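Hello,

Here is the structure you are taking over. Please open it first, then read my notes below.

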Amino acid sequence: MLTPNQASAGELLELIRSGRANTRADLQRATGLSRSTVGQRLDLLNRVGWLRHTDGTSTGGRPSHRIDFDPSHASVIAIDLETRHARAAVLDLAGTILAEHTAPLNIGDGPEQVLDQLAGWFPDLITAAGIEPGHVCGVGLSVPGPVDWETGRVVQPPIMPGWDQYPIRARMQEAYARHVGRSLEDGPVPVFVDNDANLMALAEHQANHRDCAAFVLVKVSTGIGAGVVIGRDVFRGVDGGAGDIGHIRLHDRPDALCMCGSHGCLAAVASGRALAGQLSELGLPSASGSDVRRLLSEGHPDAIRLAREAGRRAGEVLVTVVTLLNPGVLMLAGDLSGVPFMTGVRELLYQRAMPRTTAGLQIVTSRLGDHAGLIGAAAMVVEFLYSPARADARLAARVG
């Protein structure tokens, strides 16, 4: 039970959003607040339109009145930025995609050009979603590199030249205001940035594995990275570097030069970029993980063989990951996450990890597919803006 001085309107909203309390009686029991105080705080949430009310089933007497978070009262713009293309979408607060756009985009063109190009998509997306610009409460951006969550800046990203420490939030806010028409005098649109594997892990965990106390997602595309969810929260480390497993060194490949400048990194041996190079040498021209994905779907024997071997090399690193974190679910995602790669991972894990470590481990592939990054980017915005402390601050500003 929360103590009364903790149970603000934002705390009540958290109980409602999580499904732990969805009637007035449930809220009273969970918080210890009086019926009248619960009513006052619900009235505050109702005044800003954050709740919806329905009549529920009754076990006798008066029907219960169910209270839920209303995901349609605002929208989020989410962006999933890859190395050679990007997706952008408008979503409601439950992660339902209302409008989407995908197009080629070269991350190597640098942040100025890329962020402006992305913001140029927003007006048509907003129109296609059938909403007004004022309905957008925030922008979430997924990027293929380590991110310092507090500052929203990318930190020494191997595959994002020119992006290191760039002020992404401020630049996106300026580009948003210019393309969408929001005046910075009205306050900049909130912008949030995180690593792609983190956001994919957040999305997949919320959608399909909420009861998993330790969840690991490994994205294998042009690079290799992992997202970790402990409880309900993404684990980012002290400055966003957690999960950067693509740069763990393999002892027997000192010849493999990685884009980070080091030799022997897992990404230099087993990523989509690495396999693309190996396949090109075999006469199958490839430039990235998406090309490898295409060759795998076409059943090319060399692509299948190399993907399975890449899975085994990744498995060498993942033995340590699962031993350290003891996750309930290990999810493989990205361009290489099909059967050959998964087979290689399984071979190494079950061969080298302790039986106790793998006894309760599910090894699965992504269920949200190419939309995981978008849904995770939107969830990041919602989780921050509607967290208890932030919700209380927003309520005070709007109705105070």
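Asp335 touches Val220, Ser221, Gly289, Ser290, Arg293 and Leu296, leaving out residues up to four places away in sequence. Contact here means heavy atoms within 4.5 Å. Asp335 sits in the loop between strand 13 (329–333) and helix 11 (339–352). Helices (H or I, at least four residues) and strands (E, at least two) are DSSP runs, numbered from the N terminus. Asp335 is buried, at 15% relative accessible area. Buried means under 20%, exposed over 50%, and partly exposed in between, with a 1.4 Å probe and protein chains only. The Asp335 side chain also makes a polar contact with the side chain of Arg293, at 3.3 Å. Such a contact is a pair of N or O atoms within 3.5 Å; within protein, one must be able to donate a hydrogen and the other to accept it, and residues adjacent in sequence count only if both atoms are side-chain atoms.

A note on the source. This is a predicted model, where local features need pLDDT of at least 70 and side-chain atom pairs count only at pLDDT 80 or more, while totals for chains, interfaces and linings use all residues. Residues are numbered from 1 along each chain as its sequence is written, and side-chain values use heavy atoms, with hydrogens and water left out.

Now the whole chain. It has 14 helices and 14 strands. Its radius of gyration is 23 Å, close to the 21 Å that the globule rule gives for 400 residues, so the chain is as compact as a globular protein of that length. The radius is taken over C-alpha atoms, and the rule is 2.2 Å times the number of residues to the power 0.38. Of the 400 residues, 52% count as buried. Among contacts with a separation of 6 or more, 61% come from residues 24 or more positions apart.

Next, helix 1 (residues 9–18). Seven of its ten residues are buried. They are Ala9, Gly10, Leu12, Leu13, Glu14, Leu15 and Ile16. Their cover includes helix 2 (24–31), helix 3 (35–47), strand 1 (51–55), strand 2 (65–69) and helix 14 (388–399). Gly19 follows helix 1, with a positive phi near 85 degrees.

Last, Ala119. This residue lies in helix 4 (residues 111–129). Ala119 is buried, with a relative accessible area of 0%. Which residues does Ala119 contact, leaving aside neighbours within four places in sequence? They are Met172, Ala175, Tyr176 and His179. Ala119 and Gln173 are 54 residues apart in sequence, and 9.1 Å apart in space, C-alpha to C-alpha.

Best wishes
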